Amino acid sequence: MSDVVYGQREVKRARYAVAAVFAAHGAVAGSFATRVPWIQDHAGVSAGQLGLALAFPALGASVAMPLAGAVSHRFGARNALRGLMALWTLSLVLPSLAPNLLTLCLALFTFGATAGMADVAMNALGVEVENRLDRSIMSGLHGMWSAGALAGSAAGTLAAHLGSDARLHHLLASGVLTVLGVSACAWVLDLQPAEDEAAPPRFALPPKSAVLIGAVGFCAVFAEGASLDWSAVYLRDRLEASPGLAAACTTGFTLTMAVARIAGDRIVDRFGAVRTVRSGGVLAVLGGLLIVLSGHPAAAMAGFALMGLGIAVVVPLCFAAAGRSGPSPSQAIAGVATITYTSGLVAPGAIGGLAEATSLVVSFGLVTVLACGLVAFAGVLRTADRDRPKISLPDAAVRDRQL
């Protein structure tokens, strides 16, 4: 990359700009999620058909994410993020316009593809800012994504309560979030490829280091997807909790994850990525055991809260480690993102299939076993630890990486 030098003030400003981009990205996801029932009715699809359609965002993301590195190389990191964020925010209007299953699947494929490419670009810039500040910020950035998702879902809940047409709601939300997201991109780091720097391949298998890091992320995202989609069902069907208490369990899980991510950077700076993830894995295992062995809703809710605390910072640290694992951060981040998106895609179905064949207790036993993987394999994240040699801001600015 070019050797543009950034001062401390510019790097700090870039941090806030990337945080705003993360929040805008999350707000799009939250805005969509709350209007899925309206979209289902408008498209006239059954529950099974909706489940099929909802697999297409992850499929689109997995296909498109390897392209993000080539886009950043071609247009530069700032312009690439600006364009990809605009595509992502504008794609919010597509699902609500779909009149049938086929068009809904195509809309959601596009929705996921733009989400995935923007995700890789903003995480790559987040890692670069973290490198230049020489302290952890990735957990907080993902916490901003969660905050944005909560804001978007709150606005969507209000719109649904008022009975508004999702096409109008998403058109307005898309316009606002496009302005916010694109405006924030004006202050991110403007990294450009060097004249003699070879363009990355459009499609490439992730490097071995990214596969190992992605495996850790897979365990965390599997637990996250299982808990988000099945915690309420678990309390209702297994422990005979009321619908309100079952829903509160899911809300509590989401809240603990958001709080842990926002507070996670200080913990990572003090203890390092490996010890943080390993300790989080212990909490997640204890939470899983509480879920599986408990016979009371309160104990199970405590278990899900521990699960959320334990896995909250794993994915941000996986992206941070991937960004430092080789000469091509975007390719490594795209590889890790693809693996984690795949985990989020298969987790809900795998839990449901195993529960139907055996029981939900066995399903969450599998989640607990995967949580043990965080304890066993946290060492692959050592490249994200804070104990690496200190780098001054001018030196770090010269050491521009391929994004």
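Mentor: The protein chain contains 17 helices and zero strands. The model is a predicted one, and the average pLDDT of the protein chain is 86, with 90% of the residues scoring at least 70. One stretch calls for caution: over residues 386-403 the pLDDT is below 50, although this stretch has 64 contacts in the model beyond near neighbours in sequence. Where pLDDT is low, the predicted coordinates should not be read in detail.

Two figures describe the chain in general. Of its 403 residues, 54% count as buried. Among the contacts between residues at least 6 apart in sequence, 86% join residues at least 24 apart.

The pair of helices to examine is α5, which covers residues 68-75, and α6, which covers residues 77-90. Their axes lie 6 Å apart, and the two helices pack at an angle of about 125°. An angle between 115 and 145 degrees is neither roughly perpendicular nor roughly antiparallel, and therefore α5 is oblique to α6. The crossing of these two helices is right-handed. On the side of α5, the contact is made by Val71, Ser72 and Phe75. On the side of α6, Ala77, Asn79, Ala80 and Leu84 take part. An α-helix has 3.6 residues a turn, so residues three or four places apart point the same way.

Other helices can be examined in terms of burial. Helix α14, residues 314-323, is mostly covered, since 10 of its 10 residues are buried. Among them are Val314, Pro316, Leu317, Phe319 and Gly323.

Serine 227 belongs to helix α11. Its relative accessibility is 0%, so serine 227 counts as buried. Leaving aside residues up to four places away in sequence, serine 227 touches Phe253, Phe304, Met307 and Phe364.

Glutamate 10 is placed in helix α1, residues 8-33. With a relative accessibility of 33%, glutamate 10 counts as partly exposed, because this value lies between the limits of 20% and 50%. Glutamate 10 and valine 188 are separated by 178 residues in sequence, yet their C-alpha atoms are 8.7 Å apart in space.

Finally, two loops deserve attention. Aspartate 134 lies in the loop between α8 (101-133) and α9 (138-161). Aspartate 134 is not a glycine, but has a positive phi of about 55°. Aspartate 134 counts as buried, because its relative accessibility is 10%. Glutamate 240 is found in the loop between α11 (208-239) and α12 (243-293). Its phi is near 55°, again a positive value in a residue other than glycine. Glutamate 240, however, has a relative accessibility of 71% and therefore counts as exposed.

Note on methods: Residues numbered from 1 in each chain as written. Predicted model: local features only at pLDDT ≥ 70, side-chain atom pairs only at ≥ 80, totals over all residues. Heavy atoms only, no water. pLDDT = per-residue confidence, 0-100. Contact = heavy atoms within 4.5 Å. Axes fitted to C-alpha atoms, helices over the stretch in contact; angles between N-to-C directions. Helix = DSSP H or I, 4+ residues; strand = E, 2+ residues; numbered from the N terminus. Parallel < 35°, antiparallel > 145°, perpendicular 65-115°, else oblique. Left-handed = near helix turned anticlockwise from the far one by under 90°. Buried < 20%, exposed > 50% of the residue type's maximum accessible area, 1.4 Å probe, protein only.
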